[in-house]
Amino acid sequence: MEVFHGSPAELSGRNDREIRAYRFLDELGVDFDRTDHPDDPATTMEVCAEIDAVLNVRICKNLFLCNRQKTKFYLLIMPGDKPFKTKELSGQMGISRLSFADETAMGELLDLRPGSVSVLGLINDKDRAVQLVIDEDVLKEEYFGCHPCENTSSIRFKTAALTEKILPALHITPVIVNLAGAE
């Protein structure tokens, strides 16, 4: 895997979701590095570890969740190496029960597919139906790593760009949680 700076010069062969993500970052002036891995989509922790090493960043877990009634949706971003405990997050958010939202809701609300979930999918959430939830440890990192809405590429940018440019441009105020990942 090779590291490139910024958006790909050639966009042919890239899907619309990925192109929208690059255009959004470019319009905001977000400086980012990218690696492409079309032959090895980031579907396992082993592949993610390789990407982490190439980009020198911790790619986050991005979990698309919903309440029991499937009327409220959440995008949780947390360190990839921290275990996720549904009960812990439910308790901090005051929600009786959270579960993983289905692929249909993910497609309808974020225009994403499983394995490609990313904070950048929120650019597709025109009705702001998805609440962003971030584990505070993510915000302590200098760099933030994610997919550009497609898991065959990965990017990194300063965490400050997330909090000072991306989220304000989307009019999103995240809920910050402190997940221990313990029982």
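The legends below describe several close-up views of a predicted model.

**Figure 1. Overall fold of the predicted protein.**
The protein contains 6 helices and 9 strands. Its radius of gyration is 16 Å, close to the 16 Å that the globule rule gives for 183 residues, so the protein is as compact as a globular protein of that length. The C-alpha trace spans about 45 × 30 × 30 Å along its principal axes, and buried residues account for 50% of the 183 residues. Among contacts between residues at least 6 apart in sequence, 67% join residues that are at least 24 apart.

**Figure 2**
Strand β4, which covers residues 73-79, is mostly covered, with 7 of its 7 residues buried. Strand β3 (residues 60-67) runs antiparallel to β4 and is joined to it by 7 bridges, and within this pairing Leu65 stands opposite Tyr74 of β4. The two strands β3 and β4 form a hairpin with 5 residues between them, and Lys70 in the turn has a positive phi of about 60 degrees. Strand β6 (residues 130-135), by contrast, runs parallel to β4 and is joined to it by 5 bridges.

**Figure 2. Strand β6 and its pairing with β9.**
Strand β6 is mostly covered, 5 of its 6 residues being buried. Besides being joined to β4 by 5 parallel bridges, β6 pairs with strand β9 (residues 175-177) in the parallel sense over 3 bridges. Asp135 has Val177 of β9 as its bridge partner.

Leu75 is placed in strand β4 and counts as buried because its relative accessibility is 0%, where the cut-off for burial is under 20%. When residues up to four places away in sequence are not counted, Leu75 touches Asn62, Leu63, Val117, Ser118, Val119, Leu122, Val130, Gln131, Leu132 and Val133. As for distances between C-alpha atoms, Leu75 and Asp26 are 49 residues apart in sequence and 23 Å apart in space.

Leu162 lies in helix α6, which covers residues 159-170, and Leu162 counts as buried at 0% relative accessibility. Leaving aside neighbours within four places in sequence, Leu162 is in contact with Val119, Phe144, Phe157, Leu167 and Pro168. Val119 is also among the residues that Leu75 touches, although Leu162 and Leu75 are themselves 87 residues apart in sequence and 15 Å apart in space, C-alpha to C-alpha.

**Figure 3. Arg17 in helix α1.**
Arg17 has its place in helix α1 (residues 16-28). With a relative accessible area of 16%, Arg17 is classed as buried, because the cut-off for that class is under 20%. Once neighbours within four places in sequence are set aside, the contacts of Arg17 are with Asp111, Leu112, Arg113, Pro148, Cys149 and Glu150.

**Figure 4. Packing of helix α3.**
In helix α3, which covers residues 86-93, Glu88, Leu89 and Ser90 are buried. The buried residues of α3 pack against strands β3, β4, β5 (98-100), β6 and β9. Gly94 follows α3, and its phi is positive, near 70 degrees.

Rolling a probe the size of a water molecule over the atoms shows where empty space is left. A search of the whole structure finds 1 cavity of 30 Å³ or more, and the largest cavity has a volume of about 50 Å³. The lining of the largest cavity consists of Arg58, Cys60, Pro79, Gly80, Val138, Glu141, Tyr143, Phe144 and Thr159, and these residues divide into 5 nonpolar, 2 polar and 2 charged. Phe144, one of the lining residues, is also in contact with Leu162.

Technical notes. Residues are numbered from 1 along each chain as its sequence is written. This is a predicted model: local features need pLDDT of at least 70, side-chain atom pairs count only at pLDDT 80 or more; totals for chains, interfaces and linings use all residues. Side-chain values use heavy atoms; hydrogens and water are left out. On a 1 Å grid over the protein atoms alone, a cavity is a set of points where a 1.4 Å probe fits but cannot get out, and a pocket is an open set with protein on both sides within 12 Å along at least five of seven lines; lining residues have an atom within 4 Å of a point. Grid points are joined across faces, edges and corners, and a volume is the space filled by probe spheres set on the points. Ala, Val, Leu, Ile, Met, Phe, Trp, Tyr, Cys and Pro count as nonpolar, Asp, Glu, Lys and Arg as charged, and the others, Gly among them, as polar. Helices (H or I, at least four residues) and strands (E, at least two) are DSSP runs, numbered from the N terminus. Buried means under 20% relative accessible area, exposed over 50%, partly exposed in between (1.4 Å probe, protein chains only). Contact means heavy atoms within 4.5 Å. Two strands pair if DSSP finds at least two bridges between them. The radius of gyration is taken over C-alpha atoms; the globule rule is 2.2 Å times the number of residues to the power 0.38.
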